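My entries follow the display.

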Protein chains: 2
Amino acid sequence: MNNRRNFIKSTAVAGLGLSILPSGIVFSKEKETKVRLGFIGVGLRGQSHLELALKRTDTDVIAICDVQQRMVDTSLKMISDSGKPKPQVIMDGPYGYKKLLENKDIDAVIISTPWEWHTVMCIDAMNAKKYVGCEVITGMTVEECWQLVHTSERTGMPLMMLENVCYRRDVMAVLNMVRQNVFGEIVHLQGGYQHDLREVKFNDGKNAYGNGAEFGEKGFSEAQWRTQHSVYRNGDLYPTHGIGPVAMMIDINRGNRFTQLVSYSTKARGLHDHVVKMGGKDHPNAKINFKLGDVVTTMISTANEETILLQHDTNLPRPYSIGFRVQGTKGIWMDINKSIYIEGQSKKSHQWEDAKEWLDKYDHPLWKKYGNDASGAGHGGMDWFVLNAFIESVKRKTNTPQDVYDAVTWSAITPLSESSIQLGGESVEFPDFTQGKWMYRKNDFVRGDDY
Amino acid sequence: MNNRRNFIKSTAVAGLGLSILPSGIVFSKEKETKVRLGFIGVGLRGQSHLELALKRTDTDVIAICDVQQRMVDTSLKMISDSGKPKPQVIMDGPYGYKKLLENKDIDAVIISTPWEWHTVMCIDAMNAKKYVGCEVITGMTVEECWQLVHTSERTGMPLMMLENVCYRRDVMAVLNMVRQNVFGEIVHLQGGYQHDLREVKFNDGKNAYGNGAEFGEKGFSEAQWRTQHSVYRNGDLYPTHGIGPVAMMIDINRGNRFTQLVSYSTKARGLHDHVVKMGGKDHPNAKINFKLGDVVTTMISTANEETILLQHDTNLPRPYSIGFRVQGTKGIWMDINKSIYIEGQSKKSHQWEDAKEWLDKYDHPLWKKYGNDASGAGHGGMDWFVLNAFIESVKRKTNTPQDVYDAVTWSAITPLSESSIQLGGESVEFPDFTQGKWMYRKNDFVRGDDY
């Protein structure tokens, strides 16, 4: 316990690279230390992070907090099965997390709660001098995004949005290729979230996926809260998996920035049709006028004159696809057809070749090193990498590789796309959340071979 | 010759379905007649149409017109080789085509000239009471588009833009599927023109494709004129191959219409890089500041609340792809991965299946009937179908299946996208070239089994 206490000891902050980094980060005198974690939200996603944390030898789970007994019970069993000590358990309504934050033994929190709770929890956690690892969507409004930035800057506490797709094996290989100039100068990128979520948004209230037309109070897991956003909001509601990886490839917030955005939306048919299919046309939810268009398309421009195309498509029957495309002056990669073309190097002129050989050749050093550790972890291993990056940052008392500026820049696409659609397809300015620092910051994301 | 004269006899116009159709179409009393063609422009593209016309038994080539001896010589040899009579040859500078239009023996003209000549030639031809089949891009400005509409309406002469991709075999099978409700209600579509044209835009002045860094007066074939548009214009310069097919699938100008459009452009790198690669950094063309962004992305919204994504990408090394996507409430087809997914019918849930079986099953009746005739024709046979549709329309003295409203609606995307980019990414209103008739017109495109 002494180690733990020392870790959180309040120390004057040393420079972490540039002066623009969060300046209140605490330091430990010990070389070997464990990261002491608190889990805010142990629903299915929180449990997934919990499982990875329990497998590590460099973490302790100090406390867990949730509003549902079922989730707490499952988590406690996981912890007990792992042989780790039973944590503090907090079940005290939606604001019970504040008690968890009072626990001085906690260095860092993992937040896996509904989107609408992320900002307030992140802010309270940073104010309590915790490192924050928060599930995707940090800031539902531009105002929330600014609050997160200001709080991180004022408290000096890092906020990492746990955007896992930045660590997908092919994505990291392509990032590696971008940095080795395989694609030449980058010109255009694509990503998105094209995933039939109908059985996530609706279920029978008992199982997480499908079998019913219920959501909200009668739903279970994500259907309890995520679906509300499809009822009331029209925009790219889930941009971070698509934008994070491509943002890192073109140095967003690190020599580049998003300058403006425009979104168009289609009609909304898919969710209503699904309710009727699962619950019949007289089901109460069949009366709901879902506001979220079935396909929302967004274009983003950047200071360095690339364009990015983002597609949000979660209400219709379709196979899963992020829809990555990375295109430069020398070639192009797309994930939908698993293909690549590099001028002068691809076997046949004007013809796609299988990307596999290239992805293997440029496999990122971190994947070579940790691929085995990651194997079996969620989402093809990338969940291991994103949590590892967070934990290692806490251990080193350094800023996180994806930081508060990334978190809000990627998340802000949602409210900005809502504005654009509301305005009938006007382009809207993208705020510079770094406040000019983007011109000076360097892109250190996964440069090293540690995390 | 009597037949020919009778064909063009000026007769009172019978109703061609709705009163909104061109009203000056001439009628013949003969049942069997040949379509007497004049070719304005017999460069490489004109020669391709000429070759198809020469193979038909229902056409005569009355006259050809061009400004280049080389092209005329090649065409005359083709005609001579076919055993058909030598046509009138007009070489009298750029306005020589006016002489061709004076030839009363000509029923219809095929225009295959540089884009900037299309509008004036189409207008003069319609005024001369010729049917007009014009290569793609009819109207470089919105004003030109309106001129074409007004001239066609006033003269009653049909203008068909020879948009061949509407007749691509997979595209017609998918149209067939759309009409049989396989995809459910259509929600989102994609198309574009993603084709590395660097060796079309630059050559050595002798060969059509590549081997140099020349264009304009020093270039040959398309490089003589097409490249200028990349020097001076930034927009989706070549929208019709992508938009035509999807427009037909959602009844544009026939119960639906485009309402607005927005375009974003990337930096321009590809053409300059290509000049340097082929001609060295001291080549005079290396000083040119090409205005056309390498990738131009356009979103279009429709009255029926679909969205359409168009991509124009002609300056970078990449494999050819129109990039079709057709998505509805029941499923999705994409051509980039040659895949389809139809809910409840595809073999595995949430997984793509090879589109081939579906495309075969829904092969369009016209392809079943004429696939053999079309085989060997340009662009995989679709060139045969588009010319056939034009010729058959002339023979039947009816409106063309793609008409003046389609021609200008599809072509107007270029100037509208230029405006949108110039305005910094503003959405611009789409003109209703049908002037309200879109609410009443029916979609008869390839409904029959004749053309």
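**Conventions.** I am working with a predicted model, in which local features need pLDDT of at least 70, side-chain atom pairs count only at pLDDT 80 or more, and totals for chains, interfaces and linings use all residues. Residues are numbered from 1 along each chain as its sequence is written, chains are lettered from A and ligands numbered from 1 in the order in which they are written, and side-chain values use heavy atoms, with hydrogens and water left out.

**Helices 2 and 3, chain B.** I took helices (H or I, at least four residues) and strands (E, at least two) as DSSP runs numbered from the N terminus. Axes are lines fitted to C-alpha atoms, for helices over the stretch in contact, and angles run from 0 to 180 degrees between N-to-C directions. The axes of helix 2 (residues 44-55) of chain B and helix 3 (residues 69-82) of chain B cross at roughly 10° and come within 10 Å. Helix 2 of chain B is therefore roughly parallel to helix 3 of chain B. The angle classes are: under 35 degrees roughly parallel, over 145 roughly antiparallel, 65 to 115 roughly perpendicular, and the rest oblique. For contacts (heavy atoms within 4.5 Å), I noted B:L44, B:Q47, B:L50, B:E51 and B:L54 in helix 2 of chain B meeting B:M71, B:T74, B:S75, B:M78, B:I79 and B:S82 in helix 3 of chain B. This contact of helix 2 of chain B with helix 3 of chain B has six nonpolar, four polar and one charged residues. Ala, Val, Leu, Ile, Met, Phe, Trp, Tyr, Cys and Pro count as nonpolar, Asp, Glu, Lys and Arg as charged, and the others, Gly among them, as polar.

**Helix 13, chain B, and its partners.** I next asked at what angle helix 13 of chain B and helix 14 of chain B pack. The angle is about 110°, with the axes 9 Å apart. In helix 13 of chain B, B:L366, B:W367, B:Y370, B:G371, B:D373 and B:A374 meet B:M382, B:W384 and B:F385 in helix 14 of chain B. I sorted the residues of this contact into seven nonpolar, one polar and one charged.

The axes of helix 7 (residues 169-179) of chain B and helix 13 of chain B cross at roughly 155° and come within 9 Å. Helix 7 of chain B is thus roughly antiparallel to helix 13 of chain B. Here B:R169, B:M172 and B:N176 in helix 7 of chain B meet B:P365, B:L366, B:W367 and B:K368 in helix 13 of chain B.

**Rings.** Rings of Phe, Tyr and Trp (its six-membered ring) pair if their centres lie within 6.5 Å; planes under 30 degrees apart count as stacked, over 60 as edge-to-face and the rest as tilted. By this rule I count 38 aromatic pairs over all chains. One of them, B:Y370 with B:W384, is tilted, at 5.1 Å centre to centre and 40° between the planes. B:Y370 lies in helix 13 (residues 365-374) of chain B and B:W384 in helix 14 (residues 382-396) of chain B, so the pair ties together parts that are 14 residues apart in sequence. Both B:Y370 and B:W384 are buried (under 20% relative accessible area; exposed is over 50%, partly exposed in between; 1.4 Å probe, protein chains only). In chain A, ring pairs link A:Y167, A:W367, A:Y370, A:W384, A:F385 and A:F445 into a cluster.

I also looked for charges over rings (NZ of Lys or CZ of Arg within 6 Å of the ring centre and within 35 degrees of the ring normal). The charged end of A:K361 sits over the ring of A:W358, 5.7 Å from its centre. B:R226 lies over the face of B:Y238, 4.3 Å from the ring centre.

**Helix 15, chain A.** Eight of the eight residues of helix 15 (residues 404-411) of chain A are buried, so this helix is largely enclosed by the rest of the structure. Its buried residues pack against helix 6 (142-155), strand 6 (159-161), helix 10 (240-249), strand 8 (258-265) and helix 16 (413-422) of chain A.

**Single residues.** A:G293 is in the loop between helix 11 (270-279) and strand 9 (295-302) of chain A and is buried, with a relative accessible area of 1%. B:N253 has a positive phi of about 70° although it is not a glycine. I find B:N253 in the loop between helix 10 (240-249) and strand 8 (258-265) of chain B, buried at a relative accessible area of 3%.
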